[in-house]
Amino acid sequence: MESSGFESTRKFFDIWLKNYEATYGRLMDMPALGPAREKSEKLMKEFSIGVNLYAAGMDSNINFQSVFMEAMRRMREKMATEMEGEISPEKYKEFYKIWVETYSETFKEFLSSGHFASDMGKFMSYFMEFQKHNREMLEENYLKPMNLPTKTDIDEINKELYSLKKTVKELTGKIKELSLMNPSKKGEDPGVHQTEEK
Amino acid sequence: MNELDLLEDYKKFKQGAELFLNSPDFSVGTTPSEIIYCEDKMKLVHYIPTVEKPHAVPILIVYALVNRYYILDLQPDKSVIKKLLDEGFDVYIIDWGYPTGMDRYLTIDDYVNGYVNNAVDNIREKSGLDKITLLGVCQGGTLSVMYAALHPEKVKNLITLVTPVNFDTDKGLLYIWARGLDVDRIVDYYGIVPGDLLNSGFLLTDPFRLMIDKYVGIFERIECKPNDTACSLRNEETVKNFLRMEKWIFDSPDQAGETFRQFMKDCYQKNLLIKNKMELNGKKVNLKKISMPLLNVMAEFDHLVPNDASVPLNGAVSSSDKETLIFPTGHIGIFVGSKSQKEVCPGIARWLKPRSLPDGTENGKSEKARQVKLERKRKNRGLKVK
């Protein structure tokens with residue numbers, strides 16, 4: 001795919017990022033002091049996570065814009081050859097067909113590149129980190145002081161519940177085996193909800 | 001193309017819009033069934049046989065955890081289930097339900113050695129047979145392969161339908177994208193991975209066709225003949241079929257986090273299953289343990305599970321009786337396309353019928369013994385018998 005007109009945007013953003021990391025970024029990474037140091041550090045961390053996400057987002061955005069540009073360029077070429085440069089209302093269906101085909105093909109080429117896979121992976125990773133940090137801050141600064149249950153609390157309960165259920169199922173299986181070994185003691189299968197046949 | 005064509009298209013659009021505005025009633029999964037077993041959110045569904053004496057060995061269909069099983073019974077004239085019933089089979093399917101936060105810690109082991117195993121045991125008990133046929137679909141096929149490798153003594157035949165087992169391929173976008181994904185961060189944040197997130201991935205495989213062209217296409221298919229009742233009915237049916245498919249596509253259950261984590265890492269990223277290195281709860285899944293008859297069914301133009309992902313299964317198992325069927329259709333077309341009813345289901349039925357006699361009854365001698373054993377089992381368990 002030919003390079004489009006977004007190289008200067010990328011260069012500008014790279015310079016901005018380097019400058020940020022050399023100046024404000026260092027300030028944000030500075031160790032906090034005093035009684036509120038733990039909370040402050042966690043809050044400050046949000047800046048670096050946010051910048052990572054912003055950088056990954058910009059990268060993806062520039063790449064997508066480049067693909068759109070490339071698709072438009074190919075479309076122009078096809079219009080000149082296949083539709084002889086004529087865009088009239090009578091040819092709108094043909095135009096639409098060529099448009100869908102061209103854009104689909106161009107995007108497929110881009111989406112199947114390892115470059116896109118790694119960019120998307122990076123973006124998703126920073127996005128998840130950002131969201132997770134936001135949630136932790138919400139829990140730390142709002143929910144816990146208000147004595148409200150948090151996602152972390154619910155996850156702990158869910159884990160406990162999962163483990164208990166698993167144990168109950170294992171024990172139920174063992175009881176079933178034992179009762180089958182001793183047919184004189186008949187009983188319903190615990191843990192197994194057997195419905196009657198209609 | 002001229003002004004008349006434009007007018008014709010406008011009429012089609014108007015008729016289509018009217019049909020959507022009148023919101024036609026449509027239903028999915030209408031084949032009569034009963035729920036015979038429940039465990040957590042999983043339900044084991046038994047379809048009421050349509051023949052007096054179905055083939056002795058029942059089929060358990062294991063569908064994928066993503067999307068819902070009713071794609072196999074989308075509408076009466078496009079139903080894999082109905083077709084199999086009409087071919088004389090006794091059919092069961094697992095409905096996985098919709099996982100919630102409570103299910104985030106469920107692992108593949110819980111699905112395979114827990115839910116699938118309990119469903120199999122239930123059917124074995126109900127049928128009085130030691131082995132049943134397992135028919136795995138898509139990701140459900142991968143789970144079925146794992147099950148058949150771990151419990152070969154309970155599986156008489158294994159059928160895999162558009163099933164990935166080899167994840168080291170560049171033929172499908174999902175396989176390429178999965179490599180760069182930080183699965184841990186996704187699961188650690190969400191816990192239960194949203195179905196919508198996965199859906200956006202599927203849509204991204206062909207965004208212009210799946211998000212624009214598909215909706216333009218439905219209006220294209222509207223016929224435009226005024227005062228023609230038959231034509232109006234056809235239009236209504238076209239819209240209903242479209243809405244059924246639309247419902248299924250976006251009816252995406254969330255995914256149990258730990259299962260998603262293991263599936264993505266062990267299968268998509270490390271490709272452990274085909275290398276016989278995958279482990280479930282410490283037990284190695286050795287595909288060589290699969291020695292029962294195997295039918296591997298694929299779709300030639302499958303963009304989600306390319307043939308490269310399915311073909312290696314036949315070489316990885318030790319079954320001597322194994323066959324491959326490839327149909328010129330796509331991943332969804334294999335369930336609902338015209339070829340599905342005319343070729344796919346009859347093809348599966350042709351292969352399965354001679355293999356659906358209970359063990360030791362090939363000459364019919366032991367069938368009576370099976371019935372006696374079944375009756376005794378039912379009495380012992382205190383179950384009501386029809």
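Residues are numbered from 1 along each chain as its sequence is written, while chains are lettered from A and ligands numbered from 1 in the order in which they are written. Because the model is predicted, local features need pLDDT of at least 70 and side-chain atom pairs count only at pLDDT 80 or more, whereas totals for chains, interfaces and linings use all residues.

**View 1. Overview of chain A.** Chain A holds 6 helices and 1 strand; helices (H or I, at least four residues) and strands (E, at least two) are DSSP runs, numbered from the N terminus. Read from the N terminus, the order of elements is α-α-α-α-α-α-β. The chain is divided into domain 1 (7-148) and domain 2 (157-186), with bounds that come from an automatic or database domain assignment. The C-alpha centres of these two domains of chain A lie 50 Å apart. Of the 198 residues in chain A, 9% are buried. A residue is called buried if 20 or more other C-beta atoms lie within 10 Å of its own, exposed if 12 or fewer, and partly exposed in between, with C-beta atoms placed from the backbone.

**View 2. Helix H6 of chain A.** Helix H6(A) comprises 31 residues, 151-181. Its end C-alpha atoms are 45 Å apart, which agrees with the 45 Å that it should span at 1.5 Å a residue; the expected span is 1.5 Å times one less than the number of residues. The number of buried residues in H6(A) is 0, so the helix lies largely in the open.

View 3. E13(B) runs parallel to strand E8 (residues 155-161) of chain B, to which 4 bridges join it; strands pair if DSSP finds at least two bridges between them. Within this pairing, Val297(B) is the bridge partner of Leu161(B). E13(B) is also parallel to strand E14 (residues 322-327) of chain B, with 6 bridges, and Asn296(B) stands opposite Thr324(B) there.

**View 4. Surroundings of Val305 and Val162 in chain B.** Val305(B) lies in the loop between strand E13 (294-299) and helix H11 (307-310). With 26 C-beta neighbours inside 10 Å, Val305(B) counts as buried. Leaving aside neighbours within four places in sequence, Val305(B) is in contact with residues including Cys138(B), Val162(B), Gly172(B) and His331(B); a contact requires C-beta atoms, placed from the backbone, to lie within 7 Å. Although Val305(B) and Gly172(B) are 133 residues apart in sequence, their C-alpha atoms are 6.9 Å apart. Val162(B) is found in the loop between E8 and helix H5 (173-179) of chain B, and is buried, with 29 other C-beta atoms within 10 Å. Val162(B) has a positive phi of about 35° although it is not a glycine. Most residues other than glycine have a negative phi.

**View 5. The loop at Asp40 of chain B.** Asp40(B) is found between strand E1 (33-39) and strand E2 (42-47). Its phi is positive, about 50°, although it is not a glycine. Asp40(B) is partly exposed, with 16 other C-beta atoms within 10 Å.

**View 6. The largest nonpolar core.** A nonpolar core is a set of buried Ala, Val, Leu, Ile, Met, Phe, Trp, Tyr and Cys residues joined through C-beta atoms within 7 Å. Among the 110 residues in the largest one, Leu60(B), Ile61(B), Val91(B) and Val116(B) touch the most other members. Helix H3 (residues 108-127) of chain B gives the most to this core, with 8 residues. Residues up to four places away in sequence aside, Leu60(B) touches Tyr92(B), Ala119(B) and Ile132(B), among others.

**View 7. Arg179 of chain B.** Arg179(B) has its place in helix H5 of chain B and is partly exposed, with 16 other C-beta atoms within 10 Å. Leaving aside neighbours within four places in sequence, Arg179(B) is in contact with Ala117(A) and Gln269(B).

Notes: Contact = placed C-beta atoms within 7 Å.
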